[in-house]
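The entries below follow the order of the look-ups.

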Amino acid sequence: MLKNMLITLCLGMLLTAHGAAVWGQEAPALEIVESVPMETSLDIPEVRNTRAVWLSMLGGAKKTLDIEQFYFANKPGESLEAVINAIADAAERGVKVRIIAEEKFRKESQATADFLEKKPNVTWRWIKAFDHLNGIQHGKFFIVDGKETFLGSQNFDWRALSHISEVGVRICHEGFARCATDLFEMDWTHTAAPAPTPRDRHYQVPFLMKDQGGQPLEFYPVFDPKGYIPDSALWEGRELLRLIKEAKKEIMVQVLTFSPVARGGEYWHELDSALREAATRKVEVRLIFSDWSTEYPEIDHIKSLALIPRVSIKLSTIPKWSGGFIPFARTQHGKYMIVDDEYSWVGSSNWEKDYFYNCRNLGIVMKGGSANRTLRKIFLTNWTGPYVRFVDVNRTYVPPIRTE
């Protein structure tokens, strides 16, 4: 469903005209984007849905389209098919298309690769640059004409458009796009192991634009994994800890999974400890995790965290679709945080050590009311909705079935 949004202007630049041509009005310079599972009550009318935003961006590409995705999972007749066709259409009208996808998920992506590689102007590369870290390319982002970027939790997966709750951001800003392109170029030239070496570009951030109310909105990219990013000062793990440690009133987080148990059983305490410490400063901490976090021993650590005063945790369960069981779907997959009335974060990292130290991810940190208010509304819609329950420390949880 196409949705109305208020207009914002990029500071010092005009919005691209294609947004108006496809959408019917000028799109905001930075907008929060959501996916909502069918047959749920989570939809927020003023927040555009992922498919509409993707089609608008892809349909407006004129020169270049750089796509870096975890994997591609298309299904004939489903929502992603139009998106794949829009990429093909862009290539056929002369747009130079480059695509990076994770080698470990080649089986899931191969059909889409076979289809797109037959088109002119399409080059596809499989990445295994993070194998030596026991990691993967987990980022989900693309850049249009070096000006417009999309990032977030949404995989290029038909389920991510129709059967999974997701949160992303579309940014119309050339400076931000250059940062995302630098990351893409690192991976494009190092698709084979080992991972690309850091470049330490020292970006002049934060970037600035005006929000819908004409107030300043600051934002900057954050990257993973540590040691393999364009600017070492913008490591996502460090920035998330900083935001939590600087919180004064409240922290609200929604992620798919949370666990201080790292690979091999190592106890990785940074985020867990930061949340506990924030609560001791009388910061109200509210957390929503998917019921995919009910595996052992993760659920025991979540129960322990829930015992801390001023920490409230809910688990989310999305009902099955009336049309039948869908593997690896019907869950809340978004990854975002709101801190006070000031900062917010959206990314592709689950809150486990591997995502920050071993895997490629791209996120955004924002300071300003517009993004913060929208993410707050998404969070509270989930928090007060019918699909979440407080963690019961006395309950023995049974993890949901993800595949047949």
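How many cavities of 30 Å³ or more does the count come to? I got two cavities of 30 Å³ or more. I took a cavity as a set of points, on a 1 Å grid over the protein atoms alone, where a 1.4 Å probe fits but cannot get out. Grid points are joined across faces, edges and corners, and a volume is the space filled by probe spheres set on the points.

I noted that this is a predicted model, in which local features need pLDDT of at least 70 and side-chain atom pairs count only at pLDDT 80 or more, while totals for chains, interfaces and linings use all residues. Residues are numbered from 1 along each chain as its sequence is written, and side-chain values use heavy atoms, with hydrogens and water left out.

Entry: largest cavity.
I read a volume of about 80 Å³ for the largest cavity. I found 14 residues in its lining (an atom within 4 Å of a point). Glu34, Ser35, Ser165, Ile378 and Asn382 lie nearest the centre of this cavity. Strand 1 (30-35), strand 9 (164-172) and helix 11 (369-383) are the elements that give two or more residues to the lining. I sorted the lining of the largest cavity into six nonpolar, six polar and two charged residues. Here Ala, Val, Leu, Ile, Met, Phe, Trp, Tyr, Cys and Pro count as nonpolar, Asp, Glu, Lys and Arg as charged, and the others, Gly among them, as polar.

Entry: largest pocket.
A pocket is an open set with protein on both sides within 12 Å along at least five of seven lines. I read about 850 Å³ for the largest pocket. Its lining has 35 residues, and the closest to the centre are Phe70, Leu256, Asn350, Tyr355 and Arg402. Helix 5 (158-162), strand 9 and helix 10 (353-357) give two or more residues each. Helix 10 gives the most, with three residues. By class I listed 13 nonpolar, 10 polar and 12 charged residues for the pocket lining.

Entry: whole chain.
I listed 11 helices and 19 strands, taken as DSSP runs (helices H or I, at least four residues; strands E, at least two) numbered from the N terminus. The radius of gyration, over C-alpha atoms, is 20 Å, close to the 22 Å that the globule rule (2.2 Å times the number of residues to the power 0.38) gives for 404 residues, so the chain is as compact as a globular protein of that length.
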